[in-house]
Amino acid sequence: MDENYDVIILGTGIAESILSCLFSCDGKKILVLDQNSYYGSESPSVDLKLLHNMFYAGSTPRDKLPPSKEWCIDLIPKLILINKKFFKILQSLNRLNDFQIYKSVNHHYISQRNPQPSKKSEISPNQGFYLQKIPNTIETLGEYIVNQEENEKFKNFFYYIQNYKTSKQEALKIDPERSTFIDILKIFGLSESGIYNIICVFSLDKEQCETVIGDWALIKLQQQLNSPYLMPSFRLYPNYGLGNIIESCTRINAIFGSTTILSAEVDKVIFNDENKVIGVRTYHGIAQAPIVICNRSYAPKGKKGRLVKRIVRSICIIEDRDSGNYNDSGYIYIKGNHINRENSIQIIYLGASHCVSPEGYIVACCSTVVETDSPEKELQVAHDLLGNIVNQYVKLYEIYENDLTLSDSNLYVVNDFDEIPDLENTAEEIQKIYEIISKKSLFVDNI
Amino acid sequence: MKSVENFKIILLGSQAVGKTSLLEKYVKNTFTIKYKATIGVDFLSKCIDLDNTKYSLQIWDTAGQEAFQSLSTHFYRGSDACVIVFDITSSKTFDSVSNWIDEIQFHIGYDRKIPMLVIGNKLDLNEKRVVNSQKAKQWCEEHGIMYYECSAMTGQNIEEAFINLVKAIDVFNKENPRQFNPSFHLKRQNPKKNMCLCKN
């Protein structure tokens with residue numbers, strides 16, 4: 001323990017683990033400490049027994065539920081978007097992919113205001129909204145095309161993207177440096193719902209659609225379209241949960257000679273007179289390092305950042321006969337203004353095909369930003385949608401934010417997970433910290 | 001056509017009992033007397049031919065993680081068999097075998113069984129032996145575990161132990177068929193194919 005390290009990392013959340021893995025692969029000597037007896041810090045993947053104990057200490061889950069080890073429940077599930085930043089970080093960690101298997105999350109629903117439910121939608125009664133299934137792959141897009149005429153337009157558009165920058169495109173007179181993505185879609189005469197569906201397929205956000213798209217972005221779309229990862233969905237989730245990525249990272253660390261200690265009795269981060277980090281004191285000794293990365297629970301007072309919002313998350317265990325087949329994973333987005341709220345509610349549900357639950361069960365996580373004094377009730381809308389909930393675990397999270405550029409003491413505090421269902425913010429943070437510390441770019445090609 | 005079976009076997013045991021030595025002797029037929037805590041070894045693959053079937057064994061070392069009890073469920077997941085190694089010249093390491101079995105059951109679930117093999121290593125130091133062979137064998141039989149005594153230095157018995165383990169896995173898998181779970185890797189160029197180094 002009384003040794004010198006290049007970097008000490010406190011906590012084993014996803015950001016900390018990936019950072020430790022990146023540094024280990026660079027040949028740095030890393031020490032990872034975690035107070036808990038399990039990996040994952042705030043966002044572990046736990047079995048049913050541990051989950052139950054975390055919420056109701058001392059009691060056991062219902063008898064009729066299958067054995068504990070068949071569950072792998074993320075306290076904070078997040079999806080991985082194909083070809084986005086987090087995906088690229090995972091790809092760059094080549095060794096990681098020897099261990100880790102990903103599967104697509106097959107369904108994507110978004111709320112629409114009642115009335116006018118169309119044929120393709122699934123109506124939820126007693127609500128001011130219904131859920132519309134939206135395409136998330138080129139293949140499924142076919143189901144949403146209404147008529148032959150529209151079909152031709154789609155074909156033209158995809159043909160255009162696929163062959164962008166080749167000779168046959170001249171006739172269309174599209175200047176990507178002057179038009180937005182929506183403008184381009186309009187040139188092909190697509191209807192409003194058609195435009196909407198294409199935006200969903202490419203998982204673009206509002207800003208990307210409404211600003212000038214530019215040459216580069218179109219090439220990226222082209223790559224995305226021609227990418228083998230496009231199939232079968234834009235959203236992935238690792239088998240056995242995010243915790244499995246964390247545990248794979250730990251193994252890579254060990255292979256590269258770094259040390260990970262669980263159930264470590266961390267006392268505090270220690271600073272010198274100039275307010276620079278010099279190491280970490282534990283109850284077994286002092287480990288020295290010029291850089292410390294930690295999550296908020298280890299940060300000294302005054303460095304925890306500021307409280308920005310509170311989030312309520314509920315984990316629901318649902319009995320479902322269909323679990324275990326292709327259809328048991330998905331993502332539901334309920335727009336805030338459809339349920340008279342400011343913030344939207346997100347539901348991620350996963351099942352046996354991602355090895356999250358035994359067959360016959362689905363695990364759903366609903367989350368939203370807290371707006372009232374009774375956060376549990378705010379999720380009622382989502383719970384009503386889910387149906388047969390067997391067990392339910394609700395937890396409030398306080399989200400603190402830190403400005404990394406201010407850390408002149410060489411202590412980097414990783415931010416809490418926010419309510420957004422993907423890991424792009426985390427990826428951004430990983431890149432930032434990595435680049436500050438190792439003074440080189442994380443991505444070679446800078447895409 | 002011959003079929004190929006892929007097995008993941010995990011190697012466990014207290015520190016310095018010779019897990020890595022045993023693995024290297026078996027797979028690469030090399031042995032170094034100097035003790036070095038394991039760094040850098042991930043898993044080694046070995047192909048064997050048995051009764052017209054090719055077996056590709058992926059044998060996972062602990063990568064030194066046992067020192068801090070930081071082995072994760074991920075390490076145990078998907079394993080077809082466990083090999084627990086102890087040192088016949090140290091009774092403490094034999095006592096810890098039952099702890100390791102507990103540990104395995106904790107990670108794979110108490111309701112699941114997998115084939116296990118206990119290896120008493122350092123048979124070349126037989127004159128310094130403190131663990132009684134008969135006793136160890138009896139203990140293992142009581143727990144339904146195979147028992148072998150080997151030497152990573154001379155290579156004695158290692159081959160035999162692993163071949164019998166593979167046979168046991170085969171029998172076990174026929175009784176408890178594995179489920180096929182389609183999925184895909186981020187890495188594209190058939191990573192599994194490169195792992196088996198045997199030429200046909």
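Author: We start with the cavities, then turn to a helix and a loop residue.

Author: This is a predicted model, in which local features need pLDDT of at least 70, side-chain atom pairs count only at pLDDT 80 or more, and totals for chains, interfaces and linings use all residues. Residues are numbered from 1 along each chain as its sequence is written, chains are lettered from A in the order in which they are written, and side-chain values use heavy atoms, without hydrogens and water.

Reader: How many cavities of 30 Å³ or more does the structure hold?

Author: Rolling a probe the size of a water molecule over the atoms shows where empty space is left. Here there are three such cavities. A cavity is a set of points, on a 1 Å grid over the protein atoms alone, where a 1.4 Å probe fits but cannot get out; lining residues have an atom within 4 Å of a point. Points are joined across faces, edges and corners, and the volume is the space filled by probe spheres set on them.

Reader: What lines the largest cavity?

Author: Its volume is about 60 Å³. The lining includes Ile76(A), Arg313(A), Cys365(A) and Glu419(A). Strand E17 (345-351) and strand E18 (361-369) of chain A each give two or more residues. Strands (E, at least two residues) and helices (H or I, at least four) are DSSP runs, numbered from the N terminus.

Reader: Which classes of residue make up that lining?

Author: Six are nonpolar, two polar and two charged. Ala, Val, Leu, Ile, Met, Phe, Trp, Tyr, Cys and Pro count as nonpolar, Asp, Glu, Lys and Arg as charged, and the others, Gly among them, as polar.

Reader: What about the second largest cavity?

Author: It holds about 50 Å³. Tyr237(A), Val356(A) and Asp74(A) are among its lining residues. By class, the lining has nine nonpolar, no polar and one charged residues.

Reader: Which of its residues are buried?

Author: Buried means under 20% relative accessible area, exposed over 50%, partly exposed in between (1.4 Å probe, protein chains only). In H14(A), the buried ones include Ile430(A), Ile433(A), Tyr434(A) and Ile437(A). Just after H14(A), Lys439(A) takes a positive phi of about 55 degrees.

Reader: Is Gly58(A) buried or exposed?

Author: Gly58(A) is exposed, at 74% relative accessible area. Gly58(A) sits in the loop between helix H2 (48-55) and strand E4 (73-74) of chain A.

Terms used:
On a 1 Å grid over the protein atoms alone, a cavity is a set of points where a 1.4 Å probe fits but cannot get out, and a pocket is an open set with protein on both sides within 12 Å along at least five of seven lines; lining residues have an atom within 4 Å of a point.
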